[in-house]
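Here is a short report on aromatic rings and their neighbours. Look at the model first, then read on.

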Amino acid sequence: MGVPEKLAARMSMAEQHDYLRARFSRRTMIRGGAVTLGAVAGGAFVPGATAQAAVPTQRGSSSAESVDGALVAPFGRHLAWGNDPRTEITVSWQVPVAVKKPFIRVGAHPWDLSRKIEAEVRTLHTPAGVGAGGDHTQYYLHAQLTHLRPGRTYYYGVGHQGFDPAEPHLLGTLGTFTTAPAHKAPFTFTAFGDEGVGYHGLANNALILGQNPAFHLHAGDIAYGDPAGQGKTTDTGFDSRTWDQFLHQTESVAKQVPWMPSYGNHDMEAWYSPNGYGGEDARWTLPDNGPDRENLPGVYSFSYGNIAVISLDANDVSFEIPANLGISGGTQTKWLETQLKRYRASKDIDFIVVFFHHCAYCTSVAHASEGGVRQEWVPLFEKYTVDLVINGHNHQYERTDVIKGDKVTKKLPIGGTAYPETEGVVYVTAGAAGRSLYAFTAPDSYEGHEHETDSVASFVNTKDGKVNETVGWSRVRYLDYSFLRVDVTPAPRGRQATLTVSGIAEAGNRIDHFTVSRRAK
């Protein structure tokens, strides 16, 4: 039943929504301080926990008392999966000043946004003297939604007192998200690392949106608020306002495609917390199923369809940039093995994709390969036959042959097929999302411009410093802006399911493609 005609004639759209919500308030239940609102297209929406300080230092603001909310527009919307992408998602956004009563409206249709949920506010204060931005406070808002229905598209709008997205003139601010399906079905996801703020990141985002991905993986070094990237309070050039620009830049994609980051060395902002992630905790709400939420908030996993995705924090094992070396005390590696073992045994999971920042295998002249990753994690990738490893850190595209025990077990030419169950692991460096490019010691070799080179001079970062090595696993090299597209095709039990992995240049042309094939469970 709708709003009575006589009432509707003198009500705004938002007032009609509130009327309907109040009419069906008998469905509202208070449980342990969290409010569970009634069903929308078969699902319920549950707000997140009460607000907590994102940093040790937090200041109040009179802005909420003096600024008319009608003059303040939200920006920087970005989505992230919860622990179960079929039923959980978080909507996050920013406001430039403090506002009263921030909220999200959610519904099954753009004209049905009657479910209104209070948002959590996380303020991030950067005092004068920390970097280049001066004394200022950023306001990040989060609404965690649960009990959604699998495979459904929902409409949402974010607002606050004075700015209601249900008002007719603000309907253009609405966004959508689609939950993961309950069953295996074909889908696409995208990935890259090292974006920052600028034209090339913006151009890659536009292309990514055109791929219609189910989600996007960002393999660390997200906004470059800290351009030095050593994870120390002595780093120079820090400007937290860079994040405002970044989240505005990515909003066209991230407001409708869950944007799932791992953390790189430039994401350790040492002024906010001992582990450097206090700022990230304010900006993101990621799955909380990792091994050490306090020290490693960027470590988590989720499954979508027939694949499992694991995000790792390579700062924990990096010999090259040791600010957070050993911060988990080994618990991350133990957790990784538990996850790999669990997913490999699951009847619902065919493929395992792992992504993180520092490269296991890369020949860039800048950072090359990380020995800590090879020491701690590569043996586990091989033991549990991980299907694809995605890295950033080096600002270029490079893809290996099939590797096991640091050696090529099978050459994987462009267009080739890898069988990880018996052959080994393929590693892709996709770090050319937007920041200035690095260089190779060997010529570029990519689709349509192949230059076979079976011996490439490089190095690996070890606990004793750089160690030179000559490698034979560098199969594809492309020194320009690009990203990764992965098409997932399930198959009936016993048939071959596939990942079709493509490197896509900023100009839209394909620079690499190969297939990972595995017998479906």
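Phe246 is buried, at a relative accessible area of 0%. Buried means under 20% relative accessible area, exposed over 50%, and partly exposed in between (1.4 Å probe, protein chains only). Trp243 is buried too, also with a relative accessible area of 0%.

This is a predicted model: local features need pLDDT of at least 70, side-chain atom pairs count only at pLDDT 80 or more, and totals for chains, interfaces and linings use all residues. Residues are numbered from 1 along each chain as its sequence is written, and side-chain values use heavy atoms, without hydrogens and water.

Trp243 also pairs with Trp284. Rings of Phe, Tyr and Trp (its six-membered ring) pair if their centres lie within 6.5 Å; planes under 30 degrees apart count as stacked, over 60 as edge-to-face and the rest as tilted. The Trp243 and Trp284 pair is edge-to-face, with 6.4 Å centre to centre and 80° between the planes. It links distant parts of the chain, 41 residues apart: Trp243 is in helix α5, and Trp284 is in the loop between α6 (278-283) and β14 (300-304). Helices (H or I, at least four residues) and strands (E, at least two) are DSSP runs, numbered from the N terminus. Trp284 is buried.

By the pairing rule, the count is 21 aromatic pairs. Trp81, Phe187, Phe189, Phe215, Phe302 and Tyr304 form one aromatic cluster.

Charges also sit over rings. The rule asks for NZ of Lys or CZ of Arg within 6 Å of the ring centre and within 35 degrees of the ring normal.

| Charged residue | Ring | Distance to ring centre |
|---|---|---|
| Lys116 | Phe103 | 4.3 Å |
| Arg435 | Tyr224 | 4.0 Å |
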